[in-house]
Amino acid sequence: MERWIFHCDCNSFYASVELLRHPELRDKCVAVCGDPEGRHGIVLAKNEPAKRMGVKTAEVIWQAKRKCPDLVLLPPHREYYRKYSKIINEIYRKYTDRVEPFGIDESWLDVTGTWQLFAESPAALADRLRAEVKAATGLTISVGVSFNKVFAKLGSDYKKPDATTLITRENFHQIVWPLPAGDLLYVGASAQKRLAGMGISTIGELAAARPEALAEALGKLGLELSRYARGEDEAPVRRWGEKEPIKSVGNGTTFRRNIRGPAEIRSALNVLADEVAGRLRRHGVWAGAVQVTIRDPNLKTITRQKQLPMSTHLARDLANACWELMEKNWDMARPVRMLTVTALAITEEPFAVQQSLFDDAPKADPRREKLEQSLDAIRKKYGRGAIGAGSILHNDMGLGELAIRPQSEGDGEEEEFDEKVKGPL
């Protein structure tokens, strides 16, 4: 039986939800952005008029205003985005139990065994979904219909807004292969640059490339991208509520002012590591490696990572490892605009440490484990701001707000993000 996979993508989701609250702005250029005063001033979403003026997601506000001087800036309201995301996914679940969210505004649906109950064809069911979402919420979605997840996502991006695109085994050579290689899922800027160096600029050229050459250039990802380009993705759509494997847990912020010097940088790493460690413990997982991302006022960004001597979900261990990375890779006199701490190599059990014949193997600290679990219990009962270091909760860097405010969906440069699944489907 041929698989039928939908990828449903809400069109300009943040901006569209805000325009439901501000219908008088519907014909104006509108962008949802972080707080310019708080230095989180990048475009998170834009409506179609702003898009036609060249405004792009993730660009800084002054660049967007240069392209579009009359751009209306609106702050994000995440409670509304969650509300509408829930309504829309409930509509999807009326047609299949295999609904896999991919962020707050996108979902894959597997309707292989159910489309016949509701429509004359899979494409007709996609049209029905678009109409139902629009009637229920006033929002529009674009739907890609295909035989695998990767091509379904390409379909939802192919034509916007409020459109259905059908990509089949018979027509994908004509539709998919002429597209830029960067349009393919998981081809980021770095991979796209490497592919360009190999003379590969389209998905068709990627499909025709030797897998061995792609593996040499991109490692395991190269082999995955080769399969995706040829239409050989067989990844299943998860059932609604099915837990995704956690591959990384990160937390970061853009500071209210530039920070510099050992004291300020160490305080920032401590609070970021504390939040990451708390989430690791809530999920009952451990980290075997840590990564720190540093951005300076000129938006130059570096990322460094290291393996831990033993797996951990304790804030002190993560912070110490990040501090070692900072000491080796950053001049403490240089200002820092943004920091992100990410736990990697996630496992559901602490992994064993290979002991050296000459060195004592590191051991877990049961007292520290008990202390951080006690902090978890206090914060769960009284809130995130109930307990913490005074240097963190009372400062002018914005760290107190980060320690206290709840986590939310990713909002661009501020880079507060929940657990994310990275790598191939």
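Accessible areas here come from the Shrake-Rupley method with a 1.4 Å probe. By that method, the accessible surface of the chain comes to about 20700 Å². Carbon and sulfur atoms hold 52% of this surface. The model is predicted.

**Whole chain**

The chain has 425 residues, and 49% of them count as buried. Now turn on contacts. Among those between residues at least 6 apart in sequence, 66% join residues at least 24 apart.

Next, show the charged side chains. How many salt bridges does the structure hold? The count is 22. The stops below visit some of them.

**Stop 1: helix α1**

Select Glu 18 and Arg 21. Their side chains form a salt bridge, with N to O at 3.3 Å. Both residues lie in helix α1, which spans residues 13-21. They are three residues apart, so about one helical turn separates them.

Colour the pair by accessibility. Is Glu 18 buried or exposed? Glu 18 is buried, at a relative accessible area of 0%. Arg 21 has 33% relative accessibility and counts as partly exposed.

**Stop 2: Arg 130 and Asp 162**

Move to Arg 130 and Asp 162. These two form a salt bridge, and their closest N and O atoms are 2.7 Å apart. This pair links distant parts of the chain, 32 residues apart. Arg 130 sits in helix α5 (residues 122-137). Asp 162 sits in the loop between α6 (149-158) and β8 (164-166).

Check the accessibility of each partner. Arg 130 has a relative accessible area of 15%. The cut-off for buried is under 20%, so Arg 130 is buried. Asp 162 is partly exposed, at 26%.

**Stop 3: Lys 134**

Which residue does Lys 134 meet in a salt bridge? The partner is Asp 162, with the closest N and O atoms 3.7 Å apart. Lys 134 counts as partly exposed, at 42% relative accessibility.

**Stop 4: a network**

Finally, select Asp 9, Glu 106, Lys 153, Asp 157 and Lys 160 together. Salt bridges with shared partners join these residues into one network.

Note on methods:
Residues numbered from 1 in each chain as written. Predicted model: local features only at pLDDT ≥ 70, side-chain atom pairs only at ≥ 80, totals over all residues. Heavy atoms only, no water. Salt bridge = Lys/Arg side-chain N within 4 Å of Asp/Glu carboxyl O. Helix = DSSP H or I, 4+ residues; strand = E, 2+ residues; numbered from the N terminus. Buried < 20%, exposed > 50% of the residue type's maximum accessible area, 1.4 Å probe, protein only. Contact = heavy atoms within 4.5 Å.
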